[in-house]
Amino acid sequence: MVTASSDARAADRGATASTNAWLAPIARAIPAIVVGVLITFTPDHSASLGLIALGAFGVASAIVLTITSTRLAGGEPLRALHRGLAVITAVVSAAAFALVGFLDGDLLAFLLLALGAYGVFAGAFEFVWGLRHRGRSPYSRDGITVGGATIILALILVAVGDSVSAVGFFGAYAVIVGVYLVIAGFSGKTADTPSGETAS
């Protein structure tokens, strides 16, 4: 009886985690929107500020992604996505803070390198995840879209020659992706709600 009761409780927790999957993209959007808004309203768009913003974004994102991945059901595809992105953002964040802390002078090249690395690795990882989970996850299209936008950020930075543009593009990217993730989360909630279920 004890084992049956424990199994039932575990199943209930798994069902709740799966039902609440729509909250994961919304939680992930918060660091992006906050950093994007702060960049928008900060007059200093230096390379140092860009690296600090990238580092803060990486730390906050890694924490949120780790927490959400542990709260998602074991079979939820978003779990693997969030775990992988948590590692990438943590590494990029550490690199960004290390560059600001240990290097002096013009950091534009390092800012472009760090942002470009984030765009390529995070973008490619999410884009491929979206392609692999088409038809298996309601968030696969969102993964393709966000992953593609992140790769585009890296491509744009190739043509950027000043810190103002680089930081500005990163801020715009963060806001756009953040808003998109919020919409994706609420869309996922609607998709997960049975047609006969009414909102309480």
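Reader: Where is S48 found?
Author: S48 is found in helix α3. Helices here (H or I, at least four residues) and strands (E, at least two) are DSSP runs, numbered from the N terminus. Residues are numbered from 1 along each chain as its sequence is written. This is a predicted model, in which local features need pLDDT of at least 70 and side-chain atom pairs count only at pLDDT 80 or more, while totals for chains, interfaces and linings use all residues; side-chain values use heavy atoms, with hydrogens and water left out.

Reader: Why does S48 count as partly exposed?
Author: The relative accessible area of S48 is 30%, so S48 is partly exposed. The class lies between buried, which means under 20% relative accessible area, and exposed, which means over 50% (1.4 Å probe, protein chains only).

Reader: And what is S48 in contact with?
Author: With neighbours within four places in sequence left aside, S48 is in contact with V100 and L107. Contact means heavy atoms within 4.5 Å.

Reader: Let us step back. How many helices and strands are there in the protein?
Author: The protein has 7 helices and 0 strands. Read from the N terminus on, its elements run α-α-α-α-α-α-α.

Reader: What percentage of the residues count as buried?
Author: The figure is 43% of the 200 residues. The protein exposes about 10400 Å², and carbon and sulfur atoms supply 69% of that area. Accessible areas come from the Shrake-Rupley method with a 1.4 Å probe, and for residues, only the protein chains shown count as cover.

Reader: What share of the contacts joins residues at least 24 apart?
Author: Among contacts between residues at least 6 apart in sequence, 78% join residues at least 24 apart.

Reader: How do α2 and α3 pack?
Author: Helix α2 (residues 23–40) and helix α3 (residues 47–71) pack at an angle of about 170 degrees, and their axes are 9 Å apart. That angle makes α2 roughly antiparallel to α3. Axes are lines fitted to C-alpha atoms, for helices over the stretch in contact, and angles run from 0 to 180 degrees between N-to-C directions. Angles under 35 degrees count as roughly parallel, over 145 as roughly antiparallel, 65 to 115 as roughly perpendicular and the rest as oblique.

Reader: Which residues of α2 and α3 meet?
Author: From α2, A24, A27, R28, P31, A32, V35 and I39 meet A53, F57, A60, S61, V64, L65 and T68 of α3. By class, this contact has 11 nonpolar, 2 polar and 1 charged residues. Ala, Val, Leu, Ile, Met, Phe, Trp, Tyr, Cys and Pro count as nonpolar, Asp, Glu, Lys and Arg as charged, and the others, Gly among them, as polar.

Reader: What about α4 and α5, at what angle do they pack?
Author: The angle between α4 and α5 is about 175 degrees, with their axes 10 Å apart. These two helices are therefore roughly antiparallel to each other. Residues making the contact include L78, L81 and L85 of α4 and F121, F125 and E126 of α5. The residues of this contact divide into 15 nonpolar, 2 polar and 1 charged.

Reader: You mentioned E126. Is E126 buried or exposed?
Author: E126 counts as buried because its relative accessibility is 3%. The place of E126 is in helix α5. Not counting residues up to four places away in sequence, E126 touches R28, L81, L85, G143, I144, V146 and G147.

Reader: How many residues has the largest nonpolar core?
Author: The largest nonpolar core has 45 residues, and those with the most contacts inside it are L51, L54, F57, L78, L111, L157 and F170. At least two residues of this core come from each of α2, α3, α4 (77–102), α5 (108–132), α6 (140–158) and α7 (163–192). Such a core is a set of buried Ala, Val, Leu, Ile, Met, Phe, Trp, Tyr and Cys residues joined through side-chain atoms within 4.5 Å.

Reader: Which residues does L111 touch?
Author: Not counting residues up to four places away in sequence, L111 touches A47, G50, L51, A166 and V167.

Reader: One last topic: where is the place of I151?
Author: I151 has its place in helix α6, and its relative accessibility of 27% makes it count as partly exposed. Not counting residues up to four places away in sequence, I151 touches G119, G123, A124 and F127.
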